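Please read it beside the sequence and the structure shown here.

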Amino acid sequence: QASKVANATAQATLAARLAGANSTNNMASEAAALKRSKAYHVAARLSAQEVAKQAVQDGKSPSDVGKLAKVAAEVTGVRKDEAADIANHAAALALEHFLAQDHAQPGATGGSEAKSGFFKVTANVLRHIGREKIADTARAMKRAAIAAGCEENEAMRTAAQWAATTTATKLAVMDAEPDKLGGLLNQVLHDLGLPAEEVVALASKAAAQAVARRGSEEGLKPSQEAQATRKAAKAAGASQEWAADLAALVASHYMAGVAADEGLPPKEVGATARRTAIAVDAPDLQTREYASKEAALAVARKGFRRHDTIGRILKDAAAAAYGAGYTNTAAGALARQTIVEVASEEASEEEVETPYEVGKAAVTATQEVGAADAEAASLAGLAAGTAVVRVGKNRGETLSELAPDVKAAIRTAGVPENDVNQLAARVLALDAARQMASQGVPPEEIGQAALIAASATGISAAEASEHASAAAGAAAAARACNRGKVPTT
């Protein structure tokens, strides 16, 4: 029955999408091949989601949900490892959707799409869901992922990431004190069987984000926001230095966004972000860096939403970075880079099927901000590739699945053909390494994830190893420094 449902969904999706890929006579062969590849992956995702949702509604066990979702993905023709990833996400989506619907009050909506690729339970529904029920759902996600073909460590991390975000949000909604929130979250993740270091990494980050988000919505002052965020991270197990670093980054992000949305002058947006970061006693270099980047991003994104001219956005973003502590020269460079990144993000959001449009948007942005010829192609290519990864992951796509899109965006951004695969490998390896490092996984596993991501671009094993080594080393070193370890460690 799962195969029948999957085939029906897959065939309908493939027919429509392949027709679109084959009907344009003047379409470049590479573009056509890319569209065909995406058609199979979209069909696999939709089929797996439909089958998993039905299986959960029918009361199937988590293991059966994972197996059925994998069957649904495999019949569309994707590789087995891709089918396992797709089935993992589909099963998690279905289990969370069921949890939300099962606890929704009359007239309440179940939720909305979350940036993680999962179904986000609304705050109203979370009030009626106990922490133990969230933990039960996380354990079910783990069993489903293993049945779908994922390794146990990967399955555990998928479940733990969801449990961390959902539990932290629930505790914040229930107005839990920051120190209590961090401690409870640490215990929930520990009970899932996650290694101690990974528990601390996930719990600290999730607690900090939940408290910072709540504080920004409640109108806390920058110093109050930052101190509450640090307290939550420290209660979750973070060291004094690491808690300060997390609080400076997370709290300045939310407060910069609030200041920009309230219409404060760009320079004051930067000053607000810096006051927030300073309040937790993080090193001066980090406070200026975090505050400047977050302020520039907040101002630039608002400028794009208002459809301001690039010249106006460039001026405002530079003013925000300057207000956060950067010099005029550094603020100008950061503003140019930020605008290219945001322009690529906007294009990626609007043109989800055409990475070529992302690359073109990046090129246009580099020209409009006056980037030097020597840096233009590299800047545009890096921004375009990163934007494609960010938006693709939000839709639940794997890095391997995104590799062709990343290369297409980078190529269109003007990067020389000989350098396309290398830059794409760098983008993918860095993203994989940073994600794994933020979850507290052992260094060797960070390197393995980066290697798999870099290899998806088709470069040689030696080249992939070089990119993976650089990305994993940088990610592991940054994590160690943030936790207050000495350089020799």
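## Terms and overall make-up

Helices (H or I, at least four residues) and strands (E, at least two) are DSSP runs, and they are numbered from the N terminus. The model is predicted, and local features need a pLDDT of at least 70. In these terms the protein has 21 helices and two strands.

Of its 489 residues, 52% count as buried. Among the contacts between residues at least 6 apart in sequence, 69% join residues that are at least 24 apart.

## The second largest cavity

Rolling a probe the size of a water molecule over the atoms shows where empty space is left.

The one that gives the most is H9, with four residues. By class, the lining of the second largest cavity has three nonpolar residues, three polar residues and one charged residue.

Which residues does Phe-304 contact, leaving aside its neighbours within four places in sequence? With those neighbours set aside, Phe-304 is in contact with Ile-310, Ile-313, Ile-339, Val-342, Ala-343 and Glu-346.

## Helix H20 and its last residue

Helix H20 covers residues 443–455, 13 residues in total, and spans 18 Å from its first C-alpha to its last, close to the 18 Å expected at 1.5 Å a residue. Its buried residues are Glu-445, Ile-446, Gly-447, Ala-449, Ala-450, Ala-453 and Ala-454. An α-helix has 3.6 residues a turn, so residues three or four places apart point the same way.

Is Ser-455 buried, partly exposed or exposed? Ser-455 counts as partly exposed because its relative accessibility is 35%, a value that falls between the 20% limit for buried and the 50% limit for exposed. The C-alpha atoms of Ser-455 and Ala-403 are 9.4 Å from each other, although the two residues are 52 places apart along the chain.

## Positive phi in two loops

Most residues other than glycine have a negative phi. Asp-281 is not a glycine, yet has a positive phi of about 65 degrees. Asp-281 sits in the loop between helix H12 (266–278) and helix H13 (284–305), and counts as exposed because its relative accessible area is 63%.

His-307 likewise has a positive phi, near 65 degrees, in a residue other than glycine. The loop that holds His-307 runs between H13 and helix H14 (310–323). His-307 counts as exposed because its relative accessibility is 71%.

How values were computed
Residues are numbered from 1 along each chain as its sequence is written. This is a predicted model: local features need pLDDT of at least 70, side-chain atom pairs count only at pLDDT 80 or more; totals for chains, interfaces and linings use all residues. Side-chain values use heavy atoms; hydrogens and water are left out. The expected span of a helix is 1.5 Å times one less than its number of residues. Buried means under 20% relative accessible area, exposed over 50%, partly exposed in between (1.4 Å probe, protein chains only). Ala, Val, Leu, Ile, Met, Phe, Trp, Tyr, Cys and Pro count as nonpolar, Asp, Glu, Lys and Arg as charged, and the others, Gly among them, as polar. Contact means heavy atoms within 4.5 Å.
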